[in-house]
Amino acid sequence: MELKDSRTKENLMRAFAGESQARNRYTFAAQLAKENNLYVIKKVFDLTASQEKEHGEVFYQYLNGLEGEEISIEDAAYPVNTSEDVSVQLQNAVENETKEADEVYRTFGDIALEEGFHQIAGKFYMIADIEKVHAERFGEFLKLLKEGKLFASDVKTGWMCLHCGYVIESTTAPQNCPVCDSNQGYFIRLSMAPFTEEKMDTSRPQNLGKK
């Protein structure tokens, strides 16, 4: 079967449209988080938006051979997530990513296999796994936010300022970073910080002289 005669052609375009919209939704949600002084949540949305862009490019490249064509998608449906509540945006993201992971992309992969497009099927399955990670990541931050523990812990833990890299061990993140004066919204648990080992010597940053 040729791609132009397949259902996979429509599924690729649907996936491209979905990833493009997800990127925009997460960009809008990132701005909302910033306006609420939740810079750490903004970074999560920004990171996911950039990864959705890459997914969209993967799907779109498979349509290179159909240059100039228009692909209609009759049964496509996309979410409207316009809430001004950051926690609602996180919940929406969890639900949307989970649906993509567990239903949409696995179904698209199965159809691609049936039609003989094994490489495309593999991409659908692999990206489904990535979307599952997205859902879990959003879910972790949603849980912390709803429990009032985004910047507080029951036990001493490491915290990193995402603006300057300052690290401190405490039960709560500082109201303002003693190095760069960024507000608490820039702090993330050290165990969740990017490119950072969970177990670090946090004694030196704590001993930095404060103005």
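Over which residues does pLDDT stay under 50? I checked this before anything else, as the model is predicted. The answer is residues 202-211, and the model has 13 contacts beyond four places in sequence for them. Where pLDDT is low, the predicted coordinates should not be read in detail, so I left those contacts alone. For the chain, I noted an average pLDDT of 93, with 93% of the residues scoring at least 70.

Next entry: the cores. I looked up the largest nonpolar core and found 36 residues in it. Ile41, Phe45, Phe138 and Leu150 have the most contacts inside that core. Then I asked which elements supply at least two residues each. The helices on that list are helix 1 (7-35), helix 2 (39-61), helix 3 (86-114) and helix 4 (118-146). Strand 1 (152-161), strand 2 (167-172) and strand 3 (187-189) are on it too. Another core, of 18 residues, lies apart from this one, and I jotted down Leu3, Phe117, Ile120 and Ala121 as being among its members.

Setting aside residues up to four places away in sequence, Phe138 touches Tyr26, Val44, Phe45, Thr48, Leu90, Ala93, Val94 and Glu97. Phe45 turns up here again, as another of the residues with the most contacts inside the largest core.

Last entry: His163. I found this histidine in the loop between strand 1 and strand 2. What does His163 contact, leaving aside its neighbours within four places in sequence? I got Cys180, Ser182 and Tyr186. With Ser182 there is a polar contact, side chain to side chain, at 2.7 Å. Tyr186 is 23 residues from His163 in sequence, yet the C-alpha atoms are 6.5 Å apart in space.

Key: Residues numbered from 1 in each chain as written. Predicted model: local features only at pLDDT ≥ 70, side-chain atom pairs only at ≥ 80, totals over all residues. Heavy atoms only, no water. Core = buried A, V, L, I, M, F, W, Y, C linked by side-chain atoms within 4.5 Å. Buried < 20%, exposed > 50% of the residue type's maximum accessible area, 1.4 Å probe, protein only. Helix = DSSP H or I, 4+ residues; strand = E, 2+ residues; numbered from the N terminus. Contact = heavy atoms within 4.5 Å. pLDDT = per-residue confidence, 0-100. Polar contact = N/O pair within 3.5 Å; in protein donor to acceptor, adjacent residues only side chain to side chain.
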